[in-house]
Amino acid sequence: MNTLNLADWQIDQRWPAAVIAGHARYAAQGRDLASPIDGAVLGTLDYASAAELSEAISAAQAAFRAWRTVPAPRRGELVRRIGELVRQRKPALAQLVTLETGKIVSEAEGEVQEWIDLCDYAVGLSRQLYGLTIASERAEHRLSEQWLPLGAVAVISAFNFPVAVWAWNAMLALVCGDSVLWKPSEKTPLSALAAVRIVLDAMVDCAEAPPALVQLLNGSTEVGQQLAADPRLPLVSATGSVAMGRQLAPVVAARLGRSLLELGGNNAAIVGPSADLELAVRAIVFAAAGTCGQRCTTLRRLIVHRDVIDTLLPRLVAAYRSLMVGDPRNRATLVGPLINEAAWSAMQAALAEAVLEGGTLLAGGTRVVDGVPAGGVYVYPALVRMPMQGGIVHEETFAPILYVLVYDTLDEAIALNNAVEQGLSSALFTRDLLDAERFLGPAGSDCGLANINTGTSGAEIGGAFGGEKATGGGRESGSDSWRAYMRRATQTINYGEALPLAQGVRFGD
Ligand code: NAD
């Protein structure tokens with residue numbers, strides 16, 4: 001058993017199946033959960049039962065009914081307090097993120113920083129949940145729209161951002177007046193338990209927050225499916241693979257609920273003939289190899305102009321060969337482990353398929369055995385030159401594999417960028433203003449995120465985050481994403497004595 005001290009978080013090594021109205025619930029049986037760093041058992045996880053799930057939803061509904069009438073700026077006070085506590089506990093929480101995801105320390109700290117930034121953002125937003133006033137066509141009428149709290153919101157999150165994805169959803173949902181039910185990934189429940197601990201501690205200082213405002217339900221697909229099917233949840237925000245979205249979305253749609261989907265990506269970067277290659281190499285390596293290729297925005301396809309490919313590739317190969325792969329707790333490490341053996345099997349299968357399809361392995365693709373903790377899955381990120389795009393290149397393999405393709409015209413490169421079913425993130429490296437604008441314009445990238453001279457990953461919280469097509473169409477975090485957590489009421493007030501009807505309709509007068 002790992003000697004991890006969780007006492008500060010009031011968590012022991014038997015982890016609860018659920019936290020309902022502030023109280024931990026335990027099941028009869030648990031499953032051991034190991035760290036991807038070295039395979040050491042971190043704790044034993046229980047899964048929530050159907051009865052606990054139903055109880056939590058009823059409690060979340062009651063919490064919503066109380067919370068929705070608290071003025072939004074006062075709801076923001078709770079989020080401000082949460083932000084203060086996350087600031088204080090940033091290193092400790094980042095340590096948990098590293099332990100259960102294998103993310104390097106700097107990226108884990110960045111993930112916690114995202115939660116802090118989201119708190120600041122949501123506090124400001126709590127005074128800006130604006131509606132419109134619209135010119136009425138009728139005399140002595142006022143037409144306006146008001147944004148109102150939505151209900152109990154379910155958040156299902158993926159393993160690779162165990163804190164940030166939930167924070168994008170939950171911090172906005174809280175200021176919008178909703179209660180939150182969170183089902184974290186069964187691979188990363190520990191940071192979720194710690195995050196809920198922080199929220200419960202913050203609620204102590206907020207008398208208006210009902211105990212069931214934020215609840216946690218541990219479990220896997222079954223718990224996710226039950227949340228999707230329950231008509232008491234007007235919104236299910238789900239982050240994960242395209243396969244998960246394909247199963248979840250019809251269940252939510254069958255009850256005419258709303259789903260907010262943040263699914264897989266197969267992101268490309270185009271390197272144009274005028275690109276600053278030094279900058280491009282740095283951006284490409286971070287986007288493709290960072291987080292061991294386990295970001296939704298990881299760069300998976302590199303589309304390089306024929307004029308620069310022979311200059312770019314040797315630099316890229318050299319950069320790949322210099323990457324330090326190893327224990328993510330070591331500050332010098334750039335690439336930590338894969339999440340588990342299954343991810344390594346998927347990586348090997350994809351590389352074998354790529355070679356069958358005519359690909360040439362330029363760097364990496366093998367397992368690291370020396371100088372890394374035993375019990376973890378450490379790999380050298382792979383760089384593969386492909387003769388064309390098709391087959392395996394169309395798939396998101398959640399591991400560090402970068403496929404390299406060559407192009408001659410920008411139209412061709414944009415067509416390649418858009419030819420996959422996912423539509424999350426994209427980038428163009430160029431110093432040509434016309435090319436940049438074409439890439440960003442209506443006939444350019446079809447992705448939810450389109451960047452110039454910076455990589456596909458590492459988005460800021462201020463923008464709306466999400467993607468098109470099979471990525472699911474959802475938007476979270478900044479801009480006007482808050483609207484997904486509210487309902488819009490269009491309101492007409494007649495302050496006159498007459499009853500004029502819209503469109504000039506006359507009825508009995
Ligand atoms: P996953 O699809 O295996 O699981 C994600 C979550 O969904 C987990 O909590 C899981 O228990 C739950 N789940 C799985 N099947 C379900 C079902 N049928 N019904 C309801 N819930 C279900 O994904 P993962 O391996 O944890 O994460 C990696 C994937 O997530 C990648 O495809 C990645 O691109 C994607 N991702 C997307 C974003 C984004 O914002 N677009 C962010 C992070 C990760």
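Guide: The protein is divided into domain 1 (6-263 + 472-489) and domain 2 (267-460), with bounds that come from an automatic or database domain assignment. This is a predicted model, in which local features need pLDDT of at least 70 and side-chain atom pairs count only at pLDDT 80 or more, while totals for chains, interfaces and linings use all residues. Residues are numbered from 1 along each chain as its sequence is written, and side-chain values use heavy atoms, with hydrogens and water left out.

The part to examine is the meeting place of the two domains. The C-alpha centres of domain 1 and domain 2 are 31 Å apart. Across the boundary, 23 residues of domain 1 are in contact with 28 residues of domain 2; contact means heavy atoms within 4.5 Å.

Rolling a probe the size of a water molecule over the atoms shows where empty space is left. On a 1 Å grid over the protein atoms alone, a cavity is a set of points where a 1.4 Å probe fits but cannot get out, whereas a pocket is an open set with protein on both sides within 12 Å along at least five of seven lines; lining residues have an atom within 4 Å of a point. Points are joined across faces, edges and corners, and the volume is the space filled by probe spheres set on them.

A search of the whole structure finds 1 cavity of 30 Å³ or more, and the largest cavity holds about 60 Å³ of space. Its lining consists of Thr 101, Gly 102, Lys 103, Phe 159, Asn 160, Thr 291, Cys 292, Gln 294, Gly 336 and Pro 337. Sorted by class, this lining has 3 nonpolar, 6 polar and 1 charged residues. In this scheme Ala, Val, Leu, Ile, Met, Phe, Trp, Tyr, Cys and Pro count as nonpolar, Asp, Glu, Lys and Arg as charged, and the others, Gly among them, as polar. The largest cavity lies between domain 1 and domain 2, because both give residues to its lining.

Thr 101, one of the lining residues, leads us to helix α3 (residues 90-101). Helices (H or I, at least four residues) and strands (E, at least two) are DSSP runs, numbered from the N terminus. The expected span of a helix is 1.5 Å times one less than its number of residues. For the 12 residues of α3 that gives 16 Å, and the end C-alpha atoms are 16 Å apart, which agrees.

The buried residues of α3 are Leu 93, Ala 94, Leu 96, Val 97, Thr 98, Leu 99, Glu 100 and Thr 101. Buried means under 20% relative accessible area, exposed over 50%, and partly exposed in between (1.4 Å probe, protein chains only). These buried residues pack against β5 (41-45), α4 (105-125) and α6 (189-204). After α3 comes Gly 102, with a positive phi near 85 degrees; Gly 102 is among the residues that line the cavity.

Thr 291 is another lining residue. Its place is in the loop between α9 (277-289) and β14 (299-305). Although Thr 291 is not a glycine, its phi is positive, at about 55 degrees. With a relative accessible area of 8%, Thr 291 is buried.

Glu 140 is found in the loop between β6 (133-134) and β7 (141-149). Its relative accessible area is 44%, so Glu 140 is partly exposed.

Domain 1 and domain 2 both give residues to the lining of the second largest pocket, so the pocket lies between them.

To draw the picture together: the largest cavity and the second largest pocket each lie between domain 1 and domain 2.
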